[in-house]
Amino acid sequence: MEQVNQGVRENVYPQAAQALYRTLSQAAISAVTPIAAVLVALAFGATLLWLNGFDGTDVVTVMIFGSFQDTRSVAEILLKATPLILIGAGLCVAFRCSIWNIGAEGQLYVGAIAATFVGTSIDGLSVWVHAPLVMLAGALAGAAWAGIAGYLKVRFQASEIVTTIMLNYIAIILTSYLVTGPMKDASAAYPQSARLVREAWTPRIVSDMRLHIGILVAVVLAVALYIFLQRSSRGFALRVVGLNPHAARYAGMDVRRNVMIAICISGALAGLAGAFEVAGVTHRLYQNISPGYGFEGIAVALLANNNPLAAIISGGLFATLRSGSEVLQITSQVPQVLVLVIQGMVILSVVAFAKFRDKFRFVA
Amino acid sequence: MDDMMFLTFLATLVGAAWRLATPLIFASIGEVFSERAGVLNIGLEGTMLVGAFCGFATAFATGSILLGLLAGVGGGMLFGLVFAFFTITIKADQIVVGAALNLLGMGLTAFLFRTYYVSTGKGIEIAQPIHIPWLSDLPFLGEAFFKQNLIVYSTILVAILATLVLYRTSFGLTLRAVGEHPKAVDVAGRNVAGYRYAAVLVGTGLAGLGGAFLTLGHSNQFVEGITSGRGFIALAVVVFARWSPMGAFFVSLLFGLFYALQLMLQAQASIVVPYQLLQALPYIMTIITLVVVRGKGAAPSKLGQPYEMR
């Protein structure tokens, strides 16, 4: 008996250790590309600053480390990371299915609209009911908005790249119409909606900081989507459709259904991000509720190599850069749009490094 | 509205439609070249922004509209070179690279504009409508067709030239073959990558020109995101036009009409529709266009696919 146990142990532990070692080394290898990409992008940003008479070293000293002043500034980074992780993780699912959803920005806006509607028109509910209801409304609206593009793709073969982008503009214009018209707070001079009732607000983690439980929801959902993609049969079907729709159809998979599911998942997460912006941060709907989180989410997903788990890290990184660019604008008058340049460069470098890595692997 | 007023309205509408279609005409004809060679450039929006900014900055410094237009074309082509290197030489995914270039175009132009120009608040001299003796003075027709600047008139020339090059030259024939059957072109001893580079450079040069028109022939200022989605609308125009330059010209005019309607109806005090609905009109029409025109059959068969030489 003793010996048998010993034997089992000897077999199991080295195997587990090997598996762990393999996973870690794979993770290390796959981390090389994103890290190198970020470094190249930062170097480009530094060069751009230097060429235009700013201090190039600011990119590192202010943009990266400048935003880690105290607990409060870290909480602000996490606050910005929330929509980025949500949108990035959602887009991982769509991109894995080869659905080019460029419309997360619009899906975020309609999510914010729906959340505002549910948060201002109903009163007297408990926070345990109302806060989740607001999130659900945002997610459903985002999924529906993305679903339009999905339906037009599967039914009419309309390119989702173009339709999702057009739906972005329409959602932003719709928001502007609502906050200047039907949803406008009559007592305010500035175009904004009425304030959401307190029970609809997303609960904060610490009462004196803006950081709300959305960050926890985002991390949990990212992990759930990772498991969904890697371990469920539906997730498998989505990936097969993404790799080869003909093979998927041949294997009896419903391509249209999978396309709809993938685009609606990504839309739901973007809509949820919009709900959190209203219910967790501003508590009112404004015309410019998002500073471009929907587009930044594309970079988050690509840097994560379309892996929702890695989107947690890349979302955090982009949030750090965004916070840092705000600090940089205040301390050195560097236009904050620098962050867009760095995002674009990150994507380009990821693409380039991934290709070079493939070549290297081929030779070795 | 009586008949006279309606005719005046119509004449102004048509004139404005052509003017507002001009950036779309350049960009979509350029994209026809690119897509016919198999390269889908969704970075058109960023490319147009770069063209608009380069045009503005150059005209700001030199006072010359012509130099500004050339700078717009040059800036667009420089951006196109980056796109071509990543998608043709490195064979990276065209959509991913295009998305990156849109971010870069938006970011770089806004960064430079805020650093150097935003505080000056000064505009530039823009291209003026030219007066054609007799024709410009025609009632209604003059207002509709003969009170434009030279850039607007040049769209006709570009559409005709593009058609001739694409269908009547061996360059055009090979370029179309590259998008349909690159292997055949390769076997015939022609350089597939070279043709794709050429197609992308024509496409982005024209997109840059379209962007430059926005600052040099339309508004007299650069504004962040001044293209407001025209690069993406041009992609839909190409589908609707079934990948033909002449088609792109007329479909762009149709979209110009939507833009013009939006502006002119906003100015009409008697119309009660919220102005945002009119603002959304070009975007809604783009979606409807894609649904109504299912042009998959006309698409170049290798659109979006890198060519692997064996």
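A salt bridge here is a side-chain nitrogen of Lys or Arg within 4 Å of a carboxyl oxygen of Asp or Glu. Keep that rule at hand for this tour of a predicted model.

**Stop 1: the interface.** Select chain A and chain B together and look at where they meet. How many salt bridges are there between chain A and chain B? The count is 0. Polar contacts do turn up: 4 residue pairs, both partners at pLDDT 80 or more, across the interface of chain A and chain B.

Now colour the chain A side by element of secondary structure. Helices α1 (2-51), α5 (127-156), α6 (160-180), α11 (293-303) and α13 (338-363) of chain A each give at least two residues to the side that touches chain B.

**Stop 2: the area.** Show surfaces next. Between them, chain A and chain B bury about 3700 Å², with 84% of it on carbon and sulfur atoms. Pick out Met166(A), Ile173(A) and Leu348(A): they supply 16% of the area that chain A buries against chain B, more than any other three residues. To select everything in contact, expect 43 residues from chain A and 44 residues from chain B.

**Stop 3: a helix in chain B.** Select residues 94-117 of chain B, which form helix α4. Its 24 residues reach 33 Å from first C-alpha to last, close to the 34 Å expected. Of those 24 residues, 19 are buried, so α4(B) is largely enclosed by the rest of the structure.

Finish by zooming in on the start of α4(B), where a side-chain oxygen of Asp93(B) comes within 2.8 Å of the backbone nitrogen of Ile95(B).

Key
Residues are numbered from 1 along each chain as its sequence is written. Chains are lettered from A and ligands numbered from 1 in the order in which they are written. This is a predicted model: local features need pLDDT of at least 70, side-chain atom pairs count only at pLDDT 80 or more; totals for chains, interfaces and linings use all residues. Side-chain values use heavy atoms; hydrogens and water are left out. Helices (H or I, at least four residues) and strands (E, at least two) are DSSP runs, numbered from the N terminus. The expected span of a helix is 1.5 Å times one less than its number of residues. Buried means under 20% relative accessible area, exposed over 50%, partly exposed in between (1.4 Å probe, protein chains only). A polar contact is a pair of N or O atoms within 3.5 Å; within protein, one must be able to donate a hydrogen and the other to accept it, and residues adjacent in sequence count only if both atoms are side-chain atoms. Contact means heavy atoms within 4.5 Å. Buried area is the accessible area (1.4 Å probe) that two parts lose on being put together, summed over both.
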